[in-house]
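Good morning. I will talk about salt bridges today, and I will keep it short. Please look at the structure first.

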Amino acid sequence: MMLLLIVLKIYMKKTRNELFYKFFFGRFFTVRHLPTEKAKKILRHGLSALRSRFRLQFRVGVTIILLSLLTFSCISTVHLPEENFIKNALWKTVCTGIDYALLEDLSLPLRCHLLRIDLSKTEASLFAVPGEEDTYSNCVLVNTTPFTKEKNPLGIHKLNGTTYSSPREKYASLAFYTSENKLKAKILNSQDVFLTEEGDEYSSAFGGYYVILQNRIVKDSFIEHGDSRTAAGLSEDSSLLYLLCAEGEELAFSAGLSYSQCARLFKALGCSDALEFDGGSSSRMYVNGSNVLGYSSPVNVPCMFGFKW
């Protein structure tokens, strides 16, 4: 109602209809100085004029929205032959059980960074910020949970039994537990799951957005557009954990990936399940204390996780 009154006020001032203006915006918005029929006639005139103006503005608005949606839906995503893209990966050992590879194709263009962690072999331990000393040496790290502009995490961030941020049921998470003295991982559809099927507690969990690959089935219900992405995938036996960071901030060098492209890439790597972490300008990957992306971002990311040795 207040918005309608403001619009009426502006319109009637511009059209210099003083009588209508005084009728609507006189003291206490009273109509006692006008005959009822005249007041109704003025009101009908004002509303009719507004409808005509709003009709034009509505059409313009709808046209802009449709054009925006059409443009957004047509944002180009690279044609990614996943099998060919990953077969040329040159893996470099970072430490026992952890390897890194840069996947790059300038013809697409696309630059992706991959970490492969063999949970059955690595001697590195889980590491996260917040949770431990904020240093990136002798470790690999990626960003995880989305956050507010005040840098408050929007989802679970839990390390070794200590919860630093509460779970959000609608979002997925990458959770860890220990079984037979081995670190195990599980990708969960909801962050409101606290126990494994065997009844063990998930001692560590890091929130993301949504599951994009489940039981080797790509979830393609997301809008297709390329952007910087950070994601995680697990092999069918959960022994191999892959961490992906796709560049997408400098489009001349890398167009980024869509959710489904990330999912197909993980599937080509042999993963059964995968989820997206926060992406865009929040995407990060550090290897041995160094930012491996081809650019730096001014965004301060409050939550990260990885492995330290």
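**Salt bridges and burial**

Glutamate 104 has a relative accessibility of 40%, so the label for this residue is partly exposed. Keep in mind that this is a predicted model.

What does glutamate 104 form a salt bridge with? The partner is arginine 111, and the closest N and O atoms of the two are 3.0 Å apart. Arginine 111 counts as buried, with 16% relative accessibility, because buried means under 20%.

Arginine 111 also meets glutamate 247 in a salt bridge between side chains, at 3.1 Å from N to O. Where do these two residues lie? Arginine 111 is in strand E3, and glutamate 247 is in the loop between strand E14 (240-246) and helix H5 (259-268), so this pair ties together parts that are 136 residues apart in sequence. Glutamate 247 is buried, at 4% relative accessibility. Through shared partners, the salt bridges join Glu104, Arg111 and Glu247 into one network.

Now to another pair. The side chains of aspartate 99 and arginine 116 form a salt bridge, again given from N to O, at 3.0 Å. Aspartate 99 sits in strand E2 (residues 98-105) and arginine 116 in strand E3 (residues 110-118), so the pair links parts that are 17 residues apart in sequence.

Are these two buried or partly exposed? Aspartate 99 is buried, with a relative accessibility of 14%. Arginine 116 has a relative accessible area of 21% and is partly exposed, because the cut-off for buried is under 20%.

As for the total, the count comes to four salt bridges. I have described some of them, including the one between aspartate 99 and arginine 116.

Note on methods: Residues numbered from 1 in each chain as written. Predicted model: local features only at pLDDT ≥ 70, side-chain atom pairs only at ≥ 80, totals over all residues. Heavy atoms only, no water. Helix = DSSP H or I, 4+ residues; strand = E, 2+ residues; numbered from the N terminus. Buried < 20%, exposed > 50% of the residue type's maximum accessible area, 1.4 Å probe, protein only.
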